[in-house]
Amino acid sequence: MKALALFSKDWNSELRTRYAINALAMFILVTISVILFSIGTEKISGYLTGGLLWVVIFFSAMSGLSRAFVSEEERGTTLTLQLIAAPATIYSGKLLFNLLLVFLMNIFITTLYSLLFESFVIENFTLFVISFFFGNIGIAVSSTIIAAIISKASSKGTLYPVLSFPILLPLILTLLELTKFSIDGDTISDAFVEIAVLVCYDVIMLTASYLLFDFIWKD
Amino acid sequence: MTNYSLSLNNVQKVFGRRLIFKNINLTLTTGRVYGLSGRNGSGKSTLAKIIAGITSTTSGKIEHTLNGKEIKPEKLHDHLGFVSPYLVLYDEFTALENLEFFTKIRGNKFDKDNAEKLLEDFQLGDRGNDELRGYSSGMKQRMKFIFALMHSPQLLILDEPTSNLDEAGKSIVYSTIKNKLSDNLVIIASNESSDLALCDEIIEIEKYK
């Protein structure tokens with residue numbers, strides 16, 4: 001319930017300022033347009049379109065998800081949050097907000113992508129939805145803890161993608177593999193190992209984040 | 001009356017190579033107002049933040065107890081009110097929305113009547129539905145007091161409590177400390193002689209260099 005109060009505050013604040021939503025929407029539209037223009041009339045394979053989808057998702061996450069903590073630091077409200085709630089509550093609230101943002105953002109990207117790229121055809125939709133679900137959780141969990149780490153740094157903009165890349169790389173590689181399976185129409189049992197890796201990644205990142213956050217949050 | 005006590009044992013803080021203070025051994029108890037005094041940069045605000053659990057010590061231990069039972073660090077925010085120039089509330093929300101958020105994140109039910117009464121007490125009763133971005137610096141300072149008092153904490157840490165306040169604002173703050181916080185443990189970090197005049201005991205921070 002306490003985390004929900006923070007989530008609700010962040011969501012209402014976002015609806016009023018529209019900082020992350022506007023930045024993300026513009027980024028997604030520009031990136032997909034650039035890909036469309038650069039491909040032109042060329043025929044590209046389903047695998048390549050699947051790969052490009054996760055590239056768009058990765059960079060969109062980089063442009064919007066750091067706001068969770070950076071906006072508090074820039075406005076000077078970090079101290080206020082430190083005074084009113086335990087670190088675990090703060091992390092949970094911010095994670096809930098980023099989860100919602102990631103799911104909304106990635107549903108928008110995938111829908112737009114399916115409409116604009118003919119070669120992006122998913123044969124096994126259930127497998128794609130499973131990987132999409134756990135993949136989004138992984139992106140939100142990792143991005144939230146990285147945002148907390150970089151929020152106190154002076155060069156936040158540079159540090160965020162630099163820190164995110166090695167942490168998100170195993171996740172993105174697994175998601176690329178699972179998207180390939182989904183395009184090929186492979187069964188869930190064929191992709192069992194990759195799904196297990198994805199779930200393990202989420203569990204490990206979530207546990208590590210809760211353990212680390214206390215140290216990151218305190219000066 | 002609740003019995004809140006705070007003990008600092010060999011508290012030391014070092015930033016890089018700079019020693020801020022060392023060997024602070026103090027016991028502070030309910031019903032008294034303590035002043036932290038010292039020139040600018042002497043470590044008053046740092047000690048206030050350490051007591052509030054926001055900044056860690058380099059060495060030493062701080063123990064908060066309520067009726068003889070130690071308060072766990074993750075529960076400290078329920079017992080603590082803090083006012084500081086560094087404290088910033090949410091400008092995009094109204095005063096009442098801010099107070100509702102602060103209440104709910106503490107896991108309490110929002111009592112609008114109580115919030116409105118506090119706003120009245122600090123002469124902000126007619127501005128409760130205005131966004132804080134439209135407040136003057138003095139009004140924001142009064143809001144910080146409401147933020148600090150609304151959950152009825154036993155420990156109040158007031159870092160430069162009267163900064164940005166006019167005479168009317170100062171008088172509200174002083175009367176609140178004298179009349180409404182007599183059962184609390186209050187720590188005032190300030191150089192203002194009028195702020196320190198409220199204190200039962202003054203702690204000179206520079207003694208601990």
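This is a predicted model: local features need pLDDT of at least 70, side-chain atom pairs count only at pLDDT 80 or more; totals for chains, interfaces and linings use all residues.
**Helix 4 of chain B**

- Helices (H or I, at least four residues) and strands (E, at least two) are DSSP runs, numbered from the N terminus.
- Eleven of the 13 residues of helix 4 of chain B are buried, so the helix is mostly covered; buried means under 20% relative accessible area, exposed over 50%, and partly exposed in between (1.4 Å probe, protein chains only).
- Among the buried residues of helix 4 of chain B are M139(B), R142(B), K144(B), F145(B) and F147(B).
- The cover over these buried residues includes helix 5 (78–84) of chain A.
- From chain B, the cover includes strand 6 (80–83), helix 2 (95–105), helix 3 (112–121), strand 7 (155–159) and helix 5 (167–180).

**Interface of chain B and chain A**

- Chain B brings 26 residues to the contact and chain A brings 23 residues, where contact means heavy atoms within 4.5 Å.
- The two chains bury about 2300 Å² between them, 66% of it on carbon and sulfur atoms; buried area is the accessible area (1.4 Å probe) that two parts lose on being put together, summed over both.
- In chain B, the residues that lose the most area to chain A are I54(B), Y90(B) and I105(B), together 29% of what that side buries.
- The rule finds two salt bridges across the interface, a salt bridge being a side-chain nitrogen of Lys or Arg within 4 Å of a carboxyl oxygen of Asp or Glu.
- E92(B) and R75(A) meet through their side chains in a salt bridge (2.4 Å, N to O).
- Strand 6 and helix 2 of chain B are the elements that give two or more residues to the side of chain B that touches chain A.
- Helix 2 of chain B gives the most to that side, with five residues.
- The residues of the side of chain B that touches chain A divide into 14 nonpolar, six polar and six charged; Ala, Val, Leu, Ile, Met, Phe, Trp, Tyr, Cys and Pro count as nonpolar, Asp, Glu, Lys and Arg as charged, and the others, Gly among them, as polar.

**Salt bridges over all chains**

- Side chains of opposite charge can pair when their charged atoms come close.
- The search of the whole structure finds 18 salt bridges over all chains.
- In chain A, the side chains of E74(A) and R67(A) meet in a salt bridge (3.5 Å, N to O).
- E74(A) is exposed, with a relative accessible area of 52%, whereas R67(A) counts as buried at 15%.
- In chain B, R127(B) forms a salt bridge with D130(B), the closest N and O atoms being 2.4 Å apart.
- R127(B) is partly exposed at 24%, and D130(B) counts as partly exposed at 29%.
- K9(A), D10(A), E72(A) and K94(A) are linked in a network of salt bridges.

Technical notes. Residues are numbered from 1 along each chain as its sequence is written. Chains are lettered from A and ligands numbered from 1 in the order in which they are written. Side-chain values use heavy atoms; hydrogens and water are left out.
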